[in-house]
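I opened the notebook today to look up charged side chains and how they pair. The entries below are kept in the order in which I looked.

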Amino acid sequence: MVLKSSAGDSPSSPVTITVSSGGRRRSMGLTSPISRPPISNNPNSPLSKNRRSSISGGGGSRYCSISDAGAGEELNSGFVTYTVHIPPTPDHQPMAASQTTSHVEESREKPDRSFISGTIFTGGLNSVTRGHVIDFSAPDPPPSKSVLVCWMRGCDEKAVTKGKCECGFKICQDCYLDCVGSNGGGNCPGCKDPYKDLDDYEENDYNYYDEEDEEEDQALPLPKLDKRLSLVKSTKRMSHPPEFDHTRWLFETKGTYGYGNAVWPKDGYGAGANGFEHPPNFGERSSRPLTRKVSVSAAIISPYRLLIVFRLAALGLFLTWRIRHPNRHAMWLWAMSVTCELWFALSWILDQLYKLCPVNRVTDLSVLKERFESPNLRNPKGRSDLPGIDVFVSTADPEKEPPLVTSNTILSILAVDYPVEKLACYLSDDGGSLLTFEALAETASFARTWVPFCRKHKIEPRNPEAYFGQKRDFLKNKVRLDFVRERRRVKREYDEFKVRINSLPESIRRRSDAYNAHEELRAKKKQMETGGDNPAADSVKVAKATWMSDGSHWPGTWASGEADHSRGDHAGIIQAMLAPPNAEPVFGSQADGENLIDTTEFDIRLPMLVYVSREKRPGYDHNKKAGAMNALVRTSAIMSNGPFILNLDCDHYVHNSLALREGMCFMLDRGGDKICYVQFPQRFEGIDPSDRYANHNTVFFDVSMRALDGLQGPMYVGTGCIFRRTALYGFSPPRTTEHHGWFGRRKIKLLLRKPKSLRKKKKDEDDDEISLQINDDENDDGEIESLLLPKRFGNSTSLTSSIPVAEYQGRLLQELQVHGRPAGSLAVPREPLDAATVAEAISVISCFYEDKTEWGKRVGWIYGSVTEDVVTGYRMHNRGWRSIYCVTKRDAFRGTAPINLTDRLHQVLRWATGSVEIFFSRNNALFASHRMKFLQRVAYFNAGMYPFTSFFLIIYCVLPALSLFSGQFIVASLNVTFLIYLLAITLTLCMLALLEIKWSGITLHDWWRNEQFWLIGGTSAHPAAVLQGLLKVIAGVDISFTLTSKSSAAEEGGEDEFADLYEVKWSFLMVPPITIMMLNMIAIAVGVARTLYSPFPQWSRLVGGVFFSFWVLSHLYPFAKGLMGRRGKVPTIIYVWSGLLSIIISLLWVYISPPSGGAHQDFDSSSFQFP
């Protein structure tokens, strides 16, 4: 079976797909009203120009060919001729002519069936692009109620083409006669206004508007690009009369002229002085802001800043006193303690400086809806003018990241409250697993029920597992009478969906075993026929393949790990599970045996859903998650090209359906063109109530990130972030500010996007500068920029040509920006998806595409660090972009976090290792450009330096034990001056914590848990991270990446909900904290025993040592509790032996070093002593 396309057959169908089998052919036209740009000139691309190849075998074998209809035709039309190989399957056998004809007729009867959404496209290195048609076991979607069908409930007749009412309510002729009645009266069922007698003039007028509507509904061509490849010219016509007759609108709405605008009367035609409303403020919509910045109350922030200054002074006085008053009896103890205290003071200053200007932000969604989704002169129909958003979800291992968790995340994305036609979801399966693929197919099927249910009843959250598992009253604020019945049906359907997902691994295994056994039998039979009685014929080796449900080989990873089908060696795969939706709403049907819910009044369209697994081959560095994200960036640029990108981990679902709208408020508000990304806080579920290991991390997300928002913006934390696509491409912002002088006090404003006549190039311009320039016909630098694009982005012409389109669609409106886009320019249907587009997308996810390009270096997610998120955000801030921290009233996204001690330590180890890599790289904030604010540099420098505090922290935690063992202390005596300084430092720290709690909204419990885990991580994971980072920098030893396991809450419940919390998994990271705990406990016993048995006890030194030992042990208490496992499971003998060992060691120390009597009576008489 061969899938073949030819260009130039007919103007209405520029691309024709021909499927042939056994000499018979059937063809179906994929009509694309939009001419695409020339296909990639990548010589390795299967769609490259001037390339012809064929693969043929003997005896009627199937073939693959790639050819052009001529270079001239391609340059003129933008269409190509190519052939895609489709292997035969049990479900797709050669058909006779009669069968072919009937199949064509059947396909004509079902025009909604998409060829793209039923085909897997594969390809890669040294292989052609193949399209494999598959049939999912999922049932067909319920019949939809088209907009051309009568809108009366219970009527499925075709609506009349002529409008019967001005409101546009679709109605058939019979229903219209029933409404009008015999007397000629009657009201419209839509607007409830009486029907009017339409004369010939009005009928002609309606026909005129129908033609206009049809013309407007057609997809417009791509915006024309000028030579600079930087400006997209609007395709909307600027003259009003052809689209909108303002005079007729005034007449039909009974408006009158007043103040230069139309004024609507209150009663009739405004007889009397008060007959008219006040003239509407037509400029109010553009003047009202979408967002507001709310500063922290001066009653809180002023004392907070004052306390920082006071504690800084107290630290200076304390350290000065410590240096001037050494302990002559234990200089080694004094020197180590002073060194650690100096480092802690520096670390505290770096951690506190950027917290001086915290801010809060709020959005106004009503203004967003009014500005972008309300009818206006340029958009009379009120179509959504919001820009498109591409959502990226990444997964790598279905064993550590359960498919059910990923499916719930996908369902929450598909049901988000955003225009359906502007949304596209991409799932990156870096493992190439058939389990993930078939789970996504099941998800797409269940989404046809779940998404309309969420829209109809305004479900929150729109993750089915989280919604059905919540404990609160689900009837709250629900007013529809059919809610309980439909919820029960959807709940049952979801339970069956979970069973199907959970049974997929076993189903795939059994299916593969059956097909492999059949292949072995066939191979043995064939060998017996050819080998005869040869005894060697018994040994038959057949590859243990993984089989799809239609009886064909899965092109991704096989369970057996064969060549070309292993985790690091498989072809690239793209499958559009859900095709792009239509531009107009599609209403569903009433509930019946097939349809679980009544959707006659609700849109049942679904966003585009695409499965992507990039190609992997041995010998190529695939760069883990960063490489997978960059592959999604290129794929989405060709298939949907949304100007904004939201990336989520597979376990982070959309908890607030309005989250995307709130993020877009910042991007589309005044000054939003300088924002590179909007970061949302990470919130977690499934964490133990006590939050033993500080998994919520609220101090970072609610204190540090809010503080950074008052500077240049928060850091990028890897998930829950909306990007501007052009910022990911490495372009500079349209304008920025450089900070010179001490602490960046001297500011220089720069305009980076302006015509050549106003632009002066610097001779010493940084090589890292990439800027999209505003159109200027006199500027010839655009030719140079066009030549540099392949070097930066690769040889795909479709990808490079999509860049200015995305930049134009992401601009602000002309009301807010001089070079903005006109209102209504995005209220046009999206270009339909065809096979040529998907085939081109296959070429950009190949393993060799990034060779000799700047992907990962300057473009996209940055390579070279296990914390690619921090580095990527740093590069954007370094170019002058700013970011926004969006804290919504209802959590925007929620995910899971590892509650097991070992998993949590490995997660912290990965973060700290990335920070060490940043510190020893060019991404160190010490080398930041002048476009980054001084305090922002301090924050990034602290993010790269904090792991080095671990060595000083370990020494300081051991010092109390050494003090108790030796009988000495860090100071010669506990005099009043030392105690006053110590008290001042401690009290100011506590007061600062209380004020942070006040302005950030966290709790004291959260703050204390953060302090405890800071010491646990600083004595376990951070020193290991520093050693790994040094090994990578000095010796070039690569760092292994451990994927964090995601637990499936669906498989847990009751007592087992926190089973991972009590599971003890041994790790080398536990050795330092255990050693510190043992040393301090033994030291306390030794110190107490020495003091009690001493004829001249020195209680001051004992109290100092014991106090700091208890300080260390109180911070390590969660760690010790984690080692004990589940309560009641630790044998009592453990506690008995621990106590006996401590007593024995204490007695041995007293025996080895007995008290020396009055030899040490010459202590300082001014020392503090207990009576």
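This is a predicted model: local features need pLDDT of at least 70, side-chain atom pairs count only at pLDDT 80 or more; totals for chains, interfaces and linings use all residues.

My search for salt bridges returned 46 in the structure.

I looked up Arg 288 and found it in a salt bridge with Asp 364, with the closest N and O atoms 3.6 Å apart. The two residues are 76 residues apart, Arg 288 in the loop between helix H6 (284-287) and strand E11 (291-295), and Asp 364 in the loop between strand E12 (359-363) and helix H9 (365-372). I read Arg 288 as partly exposed because its relative accessible area is 27%, and Asp 364 as partly exposed because its value is 26%.

Next I turned to Arg 322 and Glu 341, whose salt bridge brings the closest N and O atoms to 3.1 Å. This pair joins helix H7 (residues 298-324) to helix H8 (residues 331-353) across 19 residues, and both partners are buried.

I then checked Arg 661, which meets Asp 417 in a salt bridge at 3.8 Å, N to O. Arg 661 lies in helix H16 (residues 659-668) and Asp 417 in the loop between helix H10 (403-414) and strand E14 (423-429), 244 residues apart. Arg 661, at 11% relative accessibility, counts as buried, whereas Asp 417, at 32%, counts as partly exposed.

I also recorded a network of salt bridges that links Arg 683, Glu 685, Asp 702, Asp 891 and Arg 894.

Last, I looked at a positive surface patch formed by Lys 293, Lys 747, Lys 749 and Lys 933. I placed Lys 933 in the loop between helix H23 (901-919) and helix H24 (934-945), and it counts as partly exposed at 30% relative accessibility.

Methods:
Residues are numbered from 1 along each chain as its sequence is written. Side-chain values use heavy atoms; hydrogens and water are left out. Patches are made of residues with over 30% relative accessible area and no salt bridge: like charges are joined within 9 Å, nonpolar side chains (Val, Leu, Ile, Met, Phe, Trp, Tyr) within 5 Å. Accessible areas come from the Shrake-Rupley method with a 1.4 Å probe; for residues, only the protein chains shown count as cover. A salt bridge is a side-chain nitrogen of Lys or Arg within 4 Å of a carboxyl oxygen of Asp or Glu. Lys and Arg count as positive and Asp and Glu as negative; His and the chain ends are not counted. The place of a charge is taken as NZ of Lys, CZ of Arg, CG of Asp or CD of Glu. Helices (H or I, at least four residues) and strands (E, at least two) are DSSP runs, numbered from the N terminus. Buried means under 20% relative accessible area, exposed over 50%, partly exposed in between (1.4 Å probe, protein chains only).
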